[in-house]
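Dear colleague,

Please find below the structure that I am handing over to you, with its sequence. My findings follow it.

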Amino acid sequence: MLNGLSVKNVVKKCKNNRVLLLTHEHADLDSFASALMMQIFLSKQKINSTIGVPSHINEQAKKLADFFKTDYVLNPDLKSFEVVLIFDLNSFEQLGPLKKDFIELYNKKNFEVIVFDHHVSNKTCIVYEGNCVIDETMVSTTQLIYNFLDTFSNSNFFFLNCIGILEDTGHFLVGSDKCFLDFSVSLKKSNKTYADVLFFTKTEFDNGERIALLKAAQRSKITRIREVIVITSTVSFYQSFVATKLLNFGAHISLVSGVERNGLCTLSARADSVFKDINNFNLVKDLLLLIKEKLGGEVGGHSGAAQWKGKSTPEEVLRVSIDILKKKF
Ligand SMILES: [Mn+2]
């Protein structure tokens, strides 16, 4: 764990300050649940805080906010805060429309930033040393918060941890002894059932997602590199959702690219977990950072699910990806 902070430090920094708990753009369950866990903890220390969401909250996270009757502010005015705690992100790109203001105010030291994240970090991250709690071995940011605030006890806090873990492991497609232990202890202390946790993590996808997936499947290409089967496709929306689904069709690696409305090209990559372990393969280190070397842009994610964003075309970024994988395997 990259931990430059104690719990006492965090409380001290937040006390008597205006505190913003910020999720990543398109807040998901893990990001929102982590912010809410921190809000519950801080409120017990008599510290008020505001949860902020850049651009948009996804359906599942919204359902969670409604259930807990939690208020959140879309695109909060960053000028009104002295401390900004961020959850489940550590790159400026993931701040969406807040990026520009954030960088400007952060450079002017208008506020202090503390990062809680379980993604692979590097020197281009918002915070790399000091004000951060970062641990790649945690399966979710909720698990990281749970371990960081290990003496805190509150049934909703534990319930939120279960939700974050179940969501970010894709219902335990990945796991570790530690994650099962933390889940089990949290579920017991939450006074809720496993079905209650499942209720929040079930996904019903909408027609937009269905059509994106079917179109991407229709134009997908299979590339075989020795024993490695890669599926590639392009789609203008829902790249990460489509990449996950295409992987489940039977590929070892799936790569889905498209141009977003803002003109940036996105590549969503997924790797099968058994394949990843056998080949000691890491999507971030073995593929996306190498794409970044060639095409610039920004990279985020984990060994098995990651994303690149930058200036290119979908065809170009897929061609570069296949070239890199051909050298690797
Ligand atoms: Mn997460």
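The model is a predicted one. The largest nonpolar core has 54 residues, and the members that touch the most others are Leu21, Phe32, Leu85, Cys162 and Ile163.

As to the chain as a whole, its secondary structure consists of 13 helices and 13 strands. The chain is as compact as a globular protein of its length, because its radius of gyration is 20 Å and the globule rule gives 20 Å for 329 residues. Along the principal axes, the C-alpha atoms fill a box of roughly 60 × 45 × 35 Å. Buried residues make up 43% of the 329 in the chain. Of the contacts with a separation of 6 or more, 63% are between residues 24 or more positions apart.

Finally, the domains. Domain 1 covers residues 2-201 and domain 2 covers residues 207-328. Their centres, taken over C-alpha atoms, are 27 Å apart. Where the two meet, seven residues of domain 1 are in contact with eight residues of domain 2. On the domain 1 side, the touching residues comprise three nonpolar, three polar and one charged.

With kind regards

Definitions and conventions: Residues numbered from 1 in each chain as written. Predicted model: local features only at pLDDT ≥ 70, side-chain atom pairs only at ≥ 80, totals over all residues. Core = buried A, V, L, I, M, F, W, Y, C linked by C-beta atoms within 7 Å. Buried ≥ 20, exposed ≤ 12 C-beta atoms within 10 Å, placed from the backbone. Helix = DSSP H or I, 4+ residues; strand = E, 2+ residues; numbered from the N terminus. Rg over C-alpha atoms; globule rule 2.2 N^0.38 Å. Domains from an automatic or database assignment. Nonpolar A, V, L, I, M, F, W, Y, C, P; charged D, E, K, R; others polar.
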